[in-house]
Amino acid sequence: MAPTVDHSILLISILLLIGVLTAKFSTRLGVPSLVFFIIVGMVVGHYIYFHNALLTQGFGILALIVTLFDGGVKTNWKDVKRVSVPSVLLATLGVLITTVLIGIIAKYILGVTWLEGFLFGAIVSSTDAAAVFSVLGIQNIRQKLNSTLEAESGSNDPMAIFLTVSIIELIQHPNSPVLSLILSFFWQMGIGLLLGLLLGKVSVWIINYINLDSSGLYSVLTLSLAVLTYGISTSIEASGLLAVYIMAVVVGNADLTYRHAVIRFNEGFAWMMKILMFMLLGLLVFPKQLVDIIWEGILLSLLLMFIARPLGVFFSMMFAKYSVKEKLFISWAGLKGAVPIVLATYPIIAGLENSTLIFNVVFFVVLISALFQGATVAPLAKFLNLSQGEKETVPHSLELISIGRTNNEMIELKLIKHSDISGMTLEQLQLPEYILVTAVIRDDKLLTPRGNTQIFGGDTLYILVAKKKREKVKAFFQRNTGRSTNGTDSLTN
């Protein structure tokens with residue numbers, strides 16, 4: 001009996017439920033959830049035949065867009081700016097070095113041609129944003145290392161994609177001019193960066209100045225702008241994923257209307273896409289074929305983790321101000337994930353002779369990397385004294401609600417420790433009528449504000465304010481000029 005639409009919907013719902021439960025389980029074990037998602041996909045694949053590489057690639061790219069956007073909007077530009085140079089070197093030179101080293105090794109271990117060896121190296125050269133964000137999100141690693149790894153994983157996919165596509169082009173057309181490929185690289189990266197910056201600014205303007213009926217629509221609008229950024233970039237042969245990540249960083253560091261609603265929606269949607277993507281990738285794998293390349297897969301995995309990746313990191317960061325311990329940690333925390341498996345579908349679609357072999361070995365390498373490295377990132381950080389103990393979590397949350405078509409919105413502000421207004425009461429601030437402090441969070445407690453309520457540095461305030469006054473209100477509450485002030489002087493104009 002052929003499966004019906006209802007049966008398919010039931011199956012998808014069950015897979016999502018299993019994905020949510022396994023994500024919780026993986027967090028306790030310190031293992032990237034993608035490992036469990038892939039295993040679930042492989043188990044389901046034992047009963048359902050699926051071998052549509054083109055569909056998997058398309059869905060995988062869409063999932064990567066959502067994942068990169070989710071990671072980008074949560075990236076603090078002030079932290080990333082300090083590590084931008086080493087991150088870019090890791091995302092370009094580091095990827096190239098890893099490609100060459102593991103390509104030479106793969107040529108002899110797999111018995112393929114030189115170009116096929118380098119193709120394998122290019123596919124497994126990049127770290128995966130979804131895996132890195134997932135692992136680092138629950139760890140309290142030094143901020144410099146955390147920002148470096150997130151920036152690298154968010155920006156090295158374009159380099160890996162470029163190398164993969166270029167090598168396939170050389171395999172299919174050996175006489176292709178190398179100069180045109182080099183020029184193509186600078187075009188893709190340069191235009192992708194510029195489009196990301198431009199469309200990020202445009203997206204912020206659209207989000208803040210459009211007047212929608214519901215706060216939920218702002219989340220859909222924001223995600224649509226991310227997909228549009230990818231589409232516009234790829235239509236002129238620029239790097240779509242790089243453009244999306246840069247656009248997301250610009251959007252995430254701007255002052256947005258309904259910011260919390262947008263971030264929460266994207267986070268949930270990104271999880272759903274990751275669950276389905278990894279399970280779909282797992283469906284493409286036939287466990288029996290993995291048995292045939294088990295030793296090759298283990299050997300290549302070990303050489304990638306202990307030789308190729310570390311050499312790529314140490315050489316590309318030769319002049320960076322990082323200690324040996326920090327470089328070792330960056331080398332080990334370069335997890336593999338969905339990107340290599342998605343890239344492994346490119347040779348299959350291109351019809352290359354050893355495409356199935358390459359896909360199976362890539363899958364094996366990713367599984368070992370995520371399982372072995374992912375589970376040991378936290379212990380290694382503690383061993384190298386790079387961990388800062390338990391990660392602080394925000395103990396309070398106030399969900400922003402839609403205020404319809406009014407020009408008001410709720411904003412969240414955290415007072416700096418040495419604020420000019422620290423110790424003053426709300427009554428003393430003489431706030432205008434268009435400002436309403438609705439809640440004060442202090443020492444994990446929610447205080448109901450009254451006129452005689454004092455506010456102190458470190459307090460978190462939730463303020464209902466007119467949209468056009470948002471920047472002025474933030475500047476007033478967050479400034480530190482070293483002199484006393486009152487609300488009337490700054491806010492009534």
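Start by selecting Asn 385: this residue is exposed, at a relative accessible area of 52% (exposed means over 50%, buried under 20%, and partly exposed in between, with a 1.4 Å probe and protein chains only). Its place is the loop between α19 and β1 (408–414), where helices (H or I, at least four residues) and strands (E, at least two) are DSSP runs numbered from the N terminus. Check the backbone too: Asn 385 has a positive phi of about 60 degrees without being a glycine.

A word on what you have loaded: this is a predicted model, with local features needing pLDDT of at least 70 and side-chain atom pairs counted only at pLDDT 80 or more, while totals for chains, interfaces and linings use all residues. Residues are numbered from 1 along each chain as its sequence is written, and side-chain values use heavy atoms, leaving out hydrogens and water.

Next, jump to Glu 237, in the loop between α11 (215–235) and α12 (240–252). Glu 237 is no glycine either, yet has a positive phi of about 65 degrees. Its relative accessible area is 62%, so Glu 237 is exposed.

Now zoom out. The chain has 22 helices and four strands, and 53% of its 493 residues are buried.

Select helices α5 (residues 84–109) and α9 (residues 157–172). They pack at an angle of about 40 degrees with axes 9 Å apart; the axes are lines fitted to C-alpha atoms, for helices over the stretch in contact, and angles run from 0 to 180 degrees between N-to-C directions. The pair is therefore oblique (under 35 degrees is roughly parallel, over 145 roughly antiparallel, 65 to 115 roughly perpendicular, and the rest oblique). To see the contact (heavy atoms within 4.5 Å), show Ala 91, Thr 92, Val 95, Leu 96 and Thr 99 of α5 with Met 159, Ala 160 and Leu 163 of α9.

Then pick Ser 316 in helix α15 (residues 294–316). With a relative accessible area of 5%, Ser 316 is buried. Its side chain reaches the backbone oxygen of Gly 312 at 2.7 Å, and the backbone oxygen of Val 313 lies 3.2 Å from a polar atom of that side chain. Leaving aside residues up to four places away in sequence, Ser 316 touches Leu 89, Leu 90, Leu 93, Gly 94 and Ile 97.

Last stop: helix α16 (residues 324–332), whose buried residues include Glu 326, Lys 327 and Trp 332.

Definitions and conventions: Polar contact = N/O pair within 3.5 Å; in protein donor to acceptor, adjacent residues only side chain to side chain.
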